[in-house]
Amino acid sequence: MTLEQGIGVSNAKIILIGEHAAVYGKPAIVVPLTAVKLAAVTTPIAQGQLIESNYYTGPLARAIKSFAGIKKLIQTILERFNQQQANFKLTITSQIPAERGMGSSAATAVAVTRSLYDFFDKKLNRATLLELANVAETVTHGAPSGMDAATTSSTAPIWFVKGHASYNLPINLKGNLVIADSGIRGQTGPAVRTVRERMADFPQETSVFMDQLAELALSTRKAIASQQLAQVGQNFTTAQLILQTLGVSNETIDHLVFVAQRNGSLGTKLTGGGRGGCIIALTADQANTDRLLAALAAEGVTQTWVQPLAHLNQTINQEYDHD
Ligand SMILES: C[C@@](O)(CCO)CC(=O)[O-]
């Protein structure tokens, strides 16, 4: 075992389009927010296995329930390397707010995996990284689509269809993606259940909505390729209307969408599981971005992020090499 520290980094994720439909095998477009980071650093200590984070600090063995997924992940990795008795402290520092649809739990799993592989001097490929992140995500979320781990580990936008992520969707658009926290915790679990119940009660009608969301994802992909920012925006707003009808929005989100649409946004929707969390809006230029941010601040929104679309123009090789 090396005596040097092991470092793992990941980033936040934002679903541009396709949440909920992704659960039914429809495509989604998801982008990394590379400016919003989470870091996990493993350092050698004399005795024990400790975790230090905003949510839990203490021995790994006693980790609280919300850390159960990460605990299982760490134990899986230690067993894999036959290092169950290793002494270390894992420090997790995050800029990603929890329960806002920004992928904080998957980002933690990704960074912890990278950090431990680095600490034990092991090579890590993308397939293993995603498989291990899924160990934690399955404990935390039940049946994750894998979308969050695929994106929080990526520097490139993703075309995601259940079980498969393609990292070849560079976005060459001018303008900004504005993300605003509604201040309400997202409720992915209950929202996914609501849609499942609708699907059970009204299978044909609900399937039509899923097909429409899939069409919107395809249309958005084309609009990105042909640099039609306004079309991407329209698709956002149409998707929001469908998500609202499916019962996964809420009054606060609807109100913020309404405000954004009147203050410089080309298109606005919820992002992630819904019933809270964040909204996303597209703006064509800095003047409209400033106008939108001022309008959201006037509504009491305290946390916003601005992601220049031009920074989402990367692609990455399907294989991830730890080195
Ligand atoms: C609502 C959902 O589509 C996205 C949650 O971030 C659920 C999933 O894909 O696992």
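Between domain 1 and domain 2 of this predicted model, eight residue pairs are in polar contact, both residues of each pair being at pLDDT 80 or more; a polar contact is a pair of N or O atoms within 3.5 Å, of which, within protein, one must be able to donate a hydrogen and the other to accept it, and residues adjacent in sequence count only if both atoms are side-chain atoms. On the side of domain 1 that touches domain 2, the elements giving two or more residues are β1 (6–17) and β2 (28–44), strands being DSSP runs (E, at least two residues) numbered from the N terminus. The most is given by β2, with six residues. Four salt bridges are also counted between the two domains, each a side-chain nitrogen of Lys or Arg within 4 Å of a carboxyl oxygen of Asp or Glu.

The domain assignment places domain 1 at 6–168 and domain 2 at 176–308, with bounds that come from an automatic or database assignment. Contact, meaning heavy atoms within 4.5 Å, joins 21 residues of domain 1 to 38 residues of domain 2. About 2,500 Å² is buried between the domains, 68% of it on carbon and sulfur atoms, where buried area is the accessible area (1.4 Å probe) that two parts lose on being put together, summed over both. Within domain 1, Ile17, His20 and Arg100 lose the most area to domain 2, together 27% of what that side buries.

Residues are numbered from 1 along each chain as its sequence is written. Local features need pLDDT of at least 70, side-chain atom pairs count only at pLDDT 80 or more, and totals for chains, interfaces and linings use all residues, while side-chain values use heavy atoms, with hydrogens and water left out.

How values were computed: Helix = DSSP H or I, 4+ residues; strand = E, 2+ residues; numbered from the N terminus.
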